[in-house]
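Reader: I am new to this one and would like to get to know it step by step. Please take my questions as they come.

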Amino acid sequence: MEYVVSMKDIKKYEVLKQLVDKQIKGYEVASLLGYSQIHISRLKQRLLKCGFKGLLRPKIPSPRKIPTNFKEQIAKLYKSIYYDFNIMHFSTQGRSASGRKDKLEENHKIKLSYEKIRQILIEYRLHKPKKKKRVYRRRRRMPKAGMLIQMRGCQHRWLASVDKPWWLIATIDDATNEVLFAKFYPSEDVFSCMEVIRKSVEKKGIFYCLYTDKASHFKTTRYGGLHVNVSAEQEDAHIERALRELDINLILANSPQAKGRVERLFKTFQDRLIKELSLYGVRSYKEANVFLQEQFLPSYNRRFAHREGVESVYRPLPEGINLDLIFCKKFERKVNFDNTVKFQGYTIQIPPSQYRLSFARCVVEICLLGDERIFILYQGNLIHSTKLSKNAKIYKLNKRINTSLTRENIKRF
């Protein structure tokens, strides 16, 4: 039987090997891998019994898998007709007091269990399960560098000579207290956060987990409803998708106290950094970024980071990986008959390539970078690159909105 080994399997093996060697605790492994402690104990037993092969599972298609078109039919019925029914009333194997079948089986001859129906409705975001109340306790520092990176952004008036408050976004290693990267930005948005994560990865390597707050650019929690109209393109957070492509687990903090390491870092920044910027006569945020990265951070890490005796588990970037195609916004488009796609009010002509002469009616992926560069991919292959026109209507609209929001933030500040 053949097995396909992925980066996720290798990561799982490395962490569980440390558990077997008693270097880390079981609950820490559960947090790093995103599994329950019971499942971690199962994986540990498999590793002890069969080695690395015990962690692999052959890809056998499930005979019980429900076809996608069948699930779409059920979701469409619920959304269009039975939207105000509870799941038991809608599902097939519940029975009323008189023994009468419920709606799916009675009216549409569809027979599935209650749990299958519930999972389908959750998958299509037509049902929101209740969350169990979680009890939190004070977390110990991670034993190895690269296991957990904390990230935060803070808006503050860092320079007395500039009225506009800027955002400082930084990442810090939970095990060593080393600041991996930090930079000033006029706003905290998807591209600024992506740049900080990317620079951290380029400097140290791929880490295991990113620990941050529940800002909308990390995890989208707003969906379409009665008074909210959210585009389907907003449902998957771009940063969450980029981290998933690098096999980095995203952990969202429920309170500022949960990510105390990076919160205390910004207390230090708001004291020492502001005074040193003033001391060295820094007058603009461009100069502030140069001072921050070339002088302040190296000095801070020499004094406050404790890297001696701490093992590193940062993973090197795989060869041939293009971070431009990971740290970007991705959108799907269907190519028109004239080999063009519409993107943000801008028409892009796709030329013939070595993969196809015509891409008419094909689904392509558009990658938008922070510097307005655009890459178009077909089945993972780059077929065209261009730059977003600043004359595009939606580009101008977004620019006006961002300017307006920035002014409003300045007034509130």
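Reader: Which residue stands opposite Leu 148 in E4?

Author: This is a predicted model, where local features need pLDDT of at least 70, side-chain atom pairs count only at pLDDT 80 or more, and totals for chains, interfaces and linings use all residues. Strands are DSSP runs of E with at least two residues and helices are runs of H or I with at least four, numbered from the N terminus. With that in hand, the residue opposite Leu 148 in E4 is Cys 209.

Reader: In which sense do strand E1 and E4 pair?

Author: Two strands count as paired if DSSP finds at least two bridges between them. Strand E1 (residues 148-156) and E4 have three bridges, and Gln 150 stands opposite Tyr 211 in E4. The sense of the pairing between E1 and E4 is parallel.

Reader: How many bridges join E1 and strand E2?

Author: Strand E2 (residues 166-173) pairs with E1 in the antiparallel sense. The number of bridges between E1 and E2 is eight.

Reader: In what order do the five strands form the open sheet?

Author: The pairing in this sheet is mixed. Neighbouring strands are turned by 20° against each other on average, direction ignored; axes are lines fitted to C-alpha atoms, for helices over the stretch in contact, and angles run from 0 to 180 degrees between N-to-C directions. Reading across the five strands, the order is E3-E2-E1-E4-E5.

Reader: Which strands stand at the edges, with a single partner strand each?

Author: A strand at the edge has a single partner, so one of its sides is left without a neighbour in the sheet. That holds for the strands spanning 179-185 and 249-252, which are E3 and E5.

Reader: Which residue stands opposite Tyr 211 in E5?

Author: Strand E4 (residues 209-212) pairs with E5 in the parallel sense over four bridges. For Thr 212, the bridge partner in E5 is Leu 252. For Tyr 211, the residue standing opposite in E5 is Ile 251.

Reader: At about what angle does helix H2 run to E5?

Author: Helix H2 covers residues 26-33. H2 lies across E4 and E5, and its angle to E5 is about 105°.

Reader: Are the residues that point either way from E4 buried or exposed?

Author: Buried means under 20% relative accessible area, exposed over 50%, and partly exposed in between (1.4 Å probe, protein chains only). Cys 209 and Tyr 211 point one way from E4, and Leu 210 and Thr 212 point the other way. All four residues are buried.

Reader: How many of the nine residues of E1 are buried?

Author: E1 is largely enclosed by the rest of the structure, because most of its residues are buried. Cys 154 has a relative accessible area of 7%. Of the nine residues in E1, the buried number is seven.

Reader: Which elements do the buried residues of H9 pack against?

Author: H9 is mostly covered, with six of its eight residues buried. Among them are His 238, Ile 239 and Leu 243. Contact means heavy atoms within 4.5 Å, and the elements that the buried residues of H9 pack against are H8, E4, E5 and strand E6 (329-334).

Reader: How many disulfides does the structure hold?

Author: A disulfide is a pair of cysteine sulfur atoms within 2.5 Å. The closest cysteine sulfur to that of Cys 367 is in Cys 328, 4.0 Å away and too far for a bond. Cys 367 is also buried, with a relative accessible area of 0%. The count of disulfides in the structure is zero.

Conventions: Residues numbered from 1 in each chain as written. Heavy atoms only, no water.
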